[in-house]
Structures are given as structure tokens and as C-alpha cells.
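Please look at the sequence and the structure before reading on.

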Amino acid sequence: MISIEQLTKVYGHGAHATVVLDRLDFRVDAGEIFAVVGPSGAGKSTLAQCVNLLERPTSGSVLVNGENLSRLGERQLRAARRRIGTIFQSDGLYSRRTAAQNVALPLEYLGVTSAEAKRRVAELLDRVGLSDRAGHYPHQLSGGQRQRVGIARALALRPQVLLSDEATSGLDPESTASIVSLLKELRDDLDLSILFITHEMDTVLQVADAVARLDHGHIVESGRIVDLLRDPASALGRALRPARPHAAPQHGETHWFLSYTSAAVPADWVLRLASELDAPVSVLGASIETVAGQTVGHASIGVRAVDPVRLVAAARQLGLDARPVPDRPDAAVPAISVDAAVPTAESSPALERVA
Ligand code: ADP
């Protein structure tokens, strides 16, 4: 487990002081991938350097399994660094060394016997699916394969925490997907805490269990991915949703945006909604997927001559938040309030019948 407590980093002094990280707090449990996402200049690299102990925080702590690593002296620090495996955007492999020799490097520094190192390297290359590339040099490997060698090297000293610093940035979508699935395997098989730092929102949705958005050195929003996706008021949830083009509503139809706010949305909700409203429902666009084993999604629909309050209430009974889509794309989307007596998705007898 890794805990970041009130982590602050200030560069410069006095009038020239710049607060780059301002009292960050978050925790990455064992067996969890926690993403930190943010634009350029947000403080992501500085956070990565504080976590892998290349920079000392100005104040606050980095704890791995309860031990405060930010207070250690130089000698203890070197030992502590082994507990954190880091993978970088640039794979950092030695071009004159084979994949196996690159993975062996940290073991050599540690003075592990060559027989033991050989056994461990074979195990690590197998772990990342590159047993058949052991003798290849970096230039003979694809970008994704080089990154896998980097991951094997980061795992060589059996770290408890893996820090991924823009490790998939610049990779093609296929290589990114393969690194994402490898990280999830490592999370599950080795029970690692993985801190995944990136500027790519798409990758966050694929890889992370939870996420924090960093902006100007502050965490502006954070939460579990599924919860954020189900919260219509969450800006981070909206940013995580893949933008999908949708068709225009037919003449006479009003345009609505529906999002899943509950785990119990029935798969045949379109039919149920139409039947409840006694009106046809046109699906204009939709994205429904499974994230962390749970269904999340949103849809754009057109309906004809229906009382808005009735529609919002009927949608809510099915576990959906419904908002009218404004005619102009830059207008704010209003939420229509429904009588408080309307049952929520969780308490609805209609839904209990479904379940
Ligand atoms: P990101 O990785 O999100 O792009 P960085 O951590 O690289 O952000 O930088 C965050 C801010 O900190 C930037 O405004 C940058 O100019 C500043 N910064 C980074 N390193 C230093 C440094 N060594 N001295 C002074 N300012 C720095």
C-alpha cells in the first residue's frame, strides 16, 4: 500500500517560491491501480519524482506499507528505492544489452549470483510474455515489447509498489492495450499497488480502479472510476466518458441525455421506458460498457410529446439520470427536479421486480 499524506513540493525561495504540489492526499491499496491524470504543468512529473524518492518533498510524507520513506537518510533511501519499481515513458533500456541482460541489471547491482539471476530473469520475461525475445536487442523489439522489458526490470527486485510515469504515452493503441492488460495482471497476481501517472484520459478508463485529477498542483477531484462515471454532476466522470457522435432527433422529438447512475439498470431499459411513457423512444447514440465488472454507460435518445417531469421520474426508476440536451452545444444542461417522493433506482419496487 502506498499513502501520500499532505505532500507538498515548493521550488525556489521567498518571492521566487513556486508551490508545485499543494498538500496532496491519496492512498493506493494493494491490488489497486490508482491513476493521477492532469494536463501539462499540473505537477505529475514532480509527483512521480517525490514518489520514487528522486526528489524530497518540502513537507508531507510518502509511506509504503506504513513506513515513511520521506524521512530516510541517503543510505536507507537507496534500500527504500528498491521497494518501488518505476516504469518511464522512455523505456530507458541499454541498447547494447539484450532484453535478458537489461532485466538482469538491478540483480547484478545487488550482487545476486549469476545462476539465481538467470533463473529470475527467465521468470520475469515469462511474466511479461517475452520468453522468446530474451536474446533480442532493444532495436529488434517493438515499442510495446520494449516497455514490457522495462516492466520486467522494474519487477526484478520484487517491489511492493509500481510507479508508471507516462509509461503508455506515445505508444500505439494496440501496444497501450497490451501494457494495460499486463498491469492489471500484475495488480491481481502480485497484489501490487500501482500508481499510474498519465495525461491520457482514455487510458485511465481502461486501466484504473480509481483516479485523481491534478491541476496546478491540487487534486481537484478524485474517486473510484465507476462512481465517477455514475455521477452526472462529476466533471471528471464526464471527462472519462468516451465522446460518441449521435444522430439528431427527428422533427417533433425532444432530445435527452441519459446516464447510468445505478448498478441495477435493466438491459432492456429502452423498452421499459417506452412502455412506462407509452411513447416510442429513439436511441440516437449510446455507449454501454463494463468497467471493473460493472455496467456503466450513457445514451442519447429522442422522445415525442412527453411531460419532462414524467420522463425524468420514469428514467430514475430504471437507474438512469435524464437531462434534456440543449439545442446549442455550448448551453448548460439543466437538471429537471422531480418530486422528492419519486423512488430512487435503489428503492424502486419496479426495479426490485427486475432484479
Ligand atoms: P507535469 O509533469 O504535469 O507536466 P511538472 O511536474 O513537470 O508537471 O511541472 C509542474 C510545475 O512545476 C511547472 O510549472 C514547472 O515549471 C514547475 N517545475 C518543475 N520542476 C521544477 C524545478 N526543478 N524548479 C522550478 N520549477 C519547476
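The points below are grouped by topic.

The model is predicted, so local features need pLDDT of at least 70 and side-chain atom pairs count only at pLDDT 80 or more, while totals for chains, interfaces and linings use all residues. Residues are numbered from 1 along each chain as its sequence is written, and side-chain values use heavy atoms, with hydrogens and water left out.

**Arginine 241**
- Arginine 241 sits in the loop between helix 9 (235–240) and strand 11 (253–260); helices (H or I, at least four residues) and strands (E, at least two) are DSSP runs, numbered from the N terminus.
- Arginine 241 is buried but has no salt bridge, and the nearest side chain of opposite charge, aspartate 321, is 7.6 Å away.
- Buried means under 20% relative accessible area (1.4 Å probe, protein chains only), and a salt bridge is a side-chain nitrogen of Lys or Arg within 4 Å of a carboxyl oxygen of Asp or Glu.
- Apart from neighbours within four places in sequence, arginine 241 is in contact (heavy atoms within 4.5 Å) with Leu229, Phe257, Ser259 and His298.

- An open sheet of 4 strands has the order 2-1-4-5, with antiparallel pairing; two strands pair if DSSP finds at least two bridges between them.
- Its edge strands are strand 2 (18–28) and strand 5 (67–68), each pairing on one side only.
- Strand 1 (residues 2–11) and strand 4 (residues 59–64) run antiparallel and are joined by 5 bridges.
- Threonine 8 stands opposite serine 59 in strand 4.

**Helix 11**
- Leu311, Val312, Ala313, Ala314 and Ala315 are buried in helix 11 (residues 308–317).
- The buried residues of helix 11 pack against strand 11, helix 10 (269–277), strand 13 (294–304) and strand 14 (320–324).

Note on methods:
Buried means under 20% relative accessible area, exposed over 50%, partly exposed in between (1.4 Å probe, protein chains only). Lys and Arg count as positive and Asp and Glu as negative; His and the chain ends are not counted.
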